[in-house]
Amino acid sequence: QVQLVESGGGLVQPGGSLKLSCVTSGFNFGDYGFSWYRQRPGEERAYVATITRSNGHSYYTNSVKGRFTISRDNAKNTVYLEMNSLKDVDTAVYYCNAVAGSTVIFKWGQGTQVTVSS
């Protein structure tokens with residue numbers, strides 16, 4: 001019933017930009033804060049950013065702070081991640097999920113692949 005569908009990934013050159021979308025359904029979107037995560041090959045899934053359910057606050061891991069911006073559109077049940085000044089270390093599969101504190105709420109979607117390469 002619950003669906004989290006990430007999209008917007010692709011191949012981009014270092015220094016470039018990309019905007020990811022997470023379209024959700026099957027639950028009350030406005031009840032939850034949302035986070036983005038990423039997973040590099042051979043590594044565990046890592047935290048990237050959070051936006052609160054009120055849309056009043058956002059949080060970022062240090063490695064993306066100042067480069068990435070998380071946002072949400074409650075009318076569209078969608079979370080976004082605008083990524084600028086991309087680096088090769090940003091290459092990963094990116095996932096979204098609802099959160100309560102540090103607890104992930106739903107099953108993971110398929111994610112969207114971001115590849116930063118010249």
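Predicted model: local features only at pLDDT ≥ 70, side-chain atom pairs only at ≥ 80, totals over all residues.
1. Four strands make up an open sheet, arranged in the order E1-E3-E8-E7 with antiparallel pairing. Strand E1 (3-7) and strand E7 (68-73) are the edge strands, each of them pairing on one side only, and from one strand to the next the twist averages 15°.

2. The pairing of E3 with E8. Strand E3, which covers residues 18-25, pairs with strand E8, residues 78-83, in the antiparallel sense over six bridges. Lys-19 stands opposite Glu-82 in E8, while the charged end of Lys-19 sits over the ring of Tyr-80, at 4.7 Å from the centre of that ring.

3. The disulfide. The structure holds one disulfide, which joins Cys-22 to Cys-96 with an S to S distance of 1.8 Å. The link of Cys-22 and Cys-96 is right-handed, with 60° about the S-S bond, and it connects distant parts of the chain, since Cys-22 belongs to strand E3 and Cys-96 to strand E9 (residues 92-100), 74 residues apart. Cys-22 counts as buried at 0% relative accessibility, and Cys-96 likewise counts as buried at 0%.

4. The aromatic rings. The count of aromatic pairs comes to nine. One of them is formed by Phe-27 and Tyr-32, whose ring centres are 5.8 Å apart and whose planes stand at 70°, so the pair is edge-to-face; the cut-off for that class is an angle over 60 degrees. Phe-27 counts as buried at 18% relative accessibility, whereas Tyr-32, at 23%, counts as partly exposed. The pair of Phe-27 and Phe-106 is tilted, with 4.5 Å centre to centre and 50° between the planes. Because Phe-27 lies in the loop between E3 and strand E4 (33-39), and Phe-106 in the loop between strand E10 (103-104) and strand E11 (112-116), this pair ties together parts that are 79 residues apart in sequence. Phe-106 is buried, as is Phe-27, and one aromatic cluster is formed by Phe-27, Phe-29, Tyr-32, Phe-34 and Phe-106.

5. The charged end of Arg-45 sits over the ring of Tyr-95, at 4.4 Å from the ring centre.

6. Asp-90 and its partners. The count of salt bridges comes to three. In one of them Arg-38 meets Asp-90, with the closest N and O atoms 2.9 Å apart, and this pair links distant parts of the chain, Arg-38 being in strand E4 and Asp-90 in the loop between E8 and E9, 52 residues apart. Arg-38 is buried, with a relative accessible area of 10%. Asp-90 also forms a salt bridge with Arg-67, where the closest N and O atoms are 2.7 Å apart. Arg-67 lies in the loop between strand E6 (58-60) and E7, and Asp-90 in the loop between E8 and E9, so the pair ties together parts that are 23 residues apart in sequence. Both Asp-90 and Arg-67 are buried, and salt bridges that share partners join Arg-38, Arg-67 and Asp-90 into one network.

7. The salt bridge of Arg-40. The side chains of Arg-40 and Glu-43 meet in a salt bridge, at 3.9 Å from N to O. Arg-40 is partly exposed, with a relative accessible area of 29%, and Glu-43 counts as partly exposed at 44% relative accessibility.

Note on methods
Residues numbered from 1 in each chain as written. Heavy atoms only, no water. Pairing = 2+ DSSP bridges. Helix = DSSP H or I, 4+ residues; strand = E, 2+ residues; numbered from the N terminus. Axes fitted to C-alpha atoms, helices over the stretch in contact; angles between N-to-C directions. Phe/Tyr/Trp six-rings, centres within 6.5 Å; stacked < 30°, edge-to-face > 60°. Buried < 20%, exposed > 50% of the residue type's maximum accessible area, 1.4 Å probe, protein only. Lys NZ or Arg CZ within 6 Å of the ring centre and 35° of its normal. Disulfide = S-S within 2.5 Å. Salt bridge = Lys/Arg side-chain N within 4 Å of Asp/Glu carboxyl O.
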